[in-house]
Amino acid sequence: MAAIEVDFEVFKELTVRRKSESMTENDVIRSLLGLDDPASKPTAGDETTGGNPWVCKGVTFPHGTEFRATYKGQLYSGVVAEGALVVQGKRFTSPSSAAVAITGNPVNGWRFWECLLPGRKQWKVIAELRD
């Protein structure tokens with residue numbers, strides 16, 4: 001996949017136009033270019049009701065829990081949907097496998113990711129949720 005460099009003002013505008021944490025900058029650009037029908041594509045806001053939680057190493061993340069991580073200056077986001085963590089359209093059953101998909105290196109996903117549980121206002125490193 002090709003990388004596109006943008007200046008800070010463009011990055012800020014793309015970020016502002018995201019409708020949810022799970023919407024990527026690519027999704028924003030596709031929408032602006034008319035490549036997607038936004039009404040036909042589910043967003044994180046659509047996923048926050050109902051659905052199965054994701055249980056990993058004894059920690060339960062309710063359906064709709066938002067995830068984020070910054071790697072090499074880029075913000076990555078995901079959401080719990082139907083019993084898995086979904087990042088960039090791919091489903092993962094462990095936080096580390098999702099982190100490795102981003103970094104290409106062995107990573108402790110429990111320290112890599114932060115989450116925002118539904119109904120909460122504060123992000124937490126997910127390692128803090130383990131016993």
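Predicted model: local features only at pLDDT ≥ 70, side-chain atom pairs only at ≥ 80, totals over all residues.
On one side, β5 pairs with β4: the two strands run antiparallel and are joined by four bridges. Within that pairing, Gly78 has Val87 of β5 as its bridge partner. On β6, β5 again finds an antiparallel partner, this time over three bridges.

## Two hairpins

The connections around β5 are worth a look in your viewer. β4 and β5 form a hairpin that has two residues between the strands, and Glu82 takes a positive phi near 50° there. The next hairpin is made by β5 and β6, also with two residues between them. In its turn you will find Gln88, with a positive phi of about 50°.

## The sheet around β5

Stepping back, these strands belong to an open sheet of six strands with antiparallel pairing, in the order β6-β5-β4-β3-β7-β8. What are the edge strands of this sheet? They are β6 (90-92) and β8 (124-125), each of which pairs on one side only.

Inside the sheet order, β4 covers residues 74-81 and includes Val79. Is Val79 buried or exposed? Val79 counts as buried because its relative accessibility is 2%, and the cut-off for that label is under 20%. The C-alpha atom of Val79 is 5.6 Å from that of Thr65, although the two residues are 14 apart along the chain.

## The nonpolar core

The largest nonpolar core of the model contains 20 residues. Those with the most contacts inside this core are Trp54, Phe61, Phe67, Leu85, Val87, Trp113 and Ile126.

Which elements give two or more residues to the core? They are the strands β1 (54-56), β2 (59-61), β3 (66-71), β4 and β5 (84-87), together with the helices α4 (95-103) and α5 (109-112). Of these, α4 gives the most, with three residues.

## A nonpolar patch on the surface

Ile4, Val6 and Val10 form a nonpolar patch on the surface, and together they have about 270 Å² of accessible area. Ile4 is found in the segment before α1 (8-16). With a relative accessible area of 71%, Ile4 is classed as exposed, so this residue passes the over 50% cut-off for that label.

## The whole chain

How many helices and strands does the protein chain have? There are five helices and eight strands, and along the sequence they follow the pattern α-α-α-β-β-β-β-β-β-α-α-β-β.

A few totals round out the picture. The protein chain has 131 residues, and buried ones make up 34% of them. The chain exposes about 8,300 Å², with carbon and sulfur atoms supplying 51% of that area. Finally, take the contacts between residues at least 6 apart in sequence: 39% of these join residues at least 24 apart.

Conventions
Residues numbered from 1 in each chain as written. Heavy atoms only, no water. Patch = residues over 30% accessible without salt bridge, like charges linked within 9 Å, V, L, I, M, F, W, Y side chains within 5 Å. Areas by Shrake-Rupley, 256 points an atom, 1.4 Å probe, with all protein chains shown as cover. Salt bridge = Lys/Arg side-chain N within 4 Å of Asp/Glu carboxyl O. Buried < 20%, exposed > 50% of the residue type's maximum accessible area, 1.4 Å probe, protein only. Core = buried A, V, L, I, M, F, W, Y, C linked by side-chain atoms within 4.5 Å. Pairing = 2+ DSSP bridges. Contact = heavy atoms within 4.5 Å.
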